[in-house]
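Dear colleague,

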Amino acid sequence: QVQLVESGGGLVQAGGSLRLSCVSSGRTFSSYAMGWFRQAPGKEREFVAAISRSGGSTHYADSVKGRFTISRDNAKNTVYLQTSSLKPEDTAVYYCNQDVNTITLATPRRLSSYNYWGQGTQVTVSS
């Protein structure tokens, strides 16, 4: 069973930056596209960013485009989300997950479509 562990969240001032990390225990990490999602209290979990298996292509939600950058290091089984120019509306618990390609990750799906979700990492942006 794949385990996903997110980290790097914290409390930051508006305009600040954080780098989030997600480490996968999967032995076939490089075979999957990876994505980041977030969920604010009382709201649905939403797609944030995705990266292809090789790291050659990326896709972002309009709300974070130009501010967030997704990357991966397959040697470390890790996907990153570099955030910048953070806004209070970015406050949420951030999760990562994997799928066959970036298009699938960016397409709204029920949470049970994914076999496993980690605990997430909390990002809080103050104004």
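How many bridges join strand β3 to strand β8, and in which direction do the two run, parallel or antiparallel? Please keep in mind throughout that this is a predicted model. Strand β3, which covers residues 18–24, is joined by 6 bridges to strand β8, which covers residues 78–83, and the two run antiparallel. Within this pairing, Leu-18 has Thr-83 of β8 standing opposite.

These two strands belong to an open sheet of 4 strands, whose order is β1-β3-β8-β7 and whose pairing is antiparallel. The edges of the sheet are taken by β1 (4–7) and β7 (68–73), and because each has a single partner strand, one side of each is left without a neighbour in the sheet. From one strand to the next, the twist averages 15 degrees.

Turning to the aromatic residues, a search of the whole structure finds 5 aromatic pairs, and I describe two of them here. The ring centres of Phe-37 and Phe-47 are 6.1 Å apart and the ring planes stand at 75 degrees, which is over 60 degrees, so this pair is edge-to-face. Because Phe-37 lies in strand β4 (residues 33–39) and Phe-47 in strand β5 (residues 46–51), the pair ties together parts that are 10 residues apart in sequence. Phe-37 counts as buried at 6% relative accessibility, and Phe-47 likewise counts as buried, at 15%.

The other pair is made by Tyr-95 and Trp-117, whose ring centres are 6.0 Å apart and whose planes are at 85 degrees, so that this pair, too, is edge-to-face. Tyr-95 lies in strand β9 (residues 92–99), whereas Trp-117 lies in the loop between α1 (102–106) and β10 (121–126), and the pair therefore ties together parts that are 22 residues apart in sequence. Tyr-95 is buried, with a relative accessible area of 11%, and Trp-117 counts as buried at 19% relative accessibility, given that the cut-off for buried is under 20%.

Conventions
Residues numbered from 1 in each chain as written. Predicted model: local features only at pLDDT ≥ 70, side-chain atom pairs only at ≥ 80, totals over all residues. Heavy atoms only, no water. Pairing = 2+ DSSP bridges. Axes fitted to C-alpha atoms, helices over the stretch in contact; angles between N-to-C directions. Phe/Tyr/Trp six-rings, centres within 6.5 Å; stacked < 30°, edge-to-face > 60°. Buried < 20%, exposed > 50% of the residue type's maximum accessible area, 1.4 Å probe, protein only.
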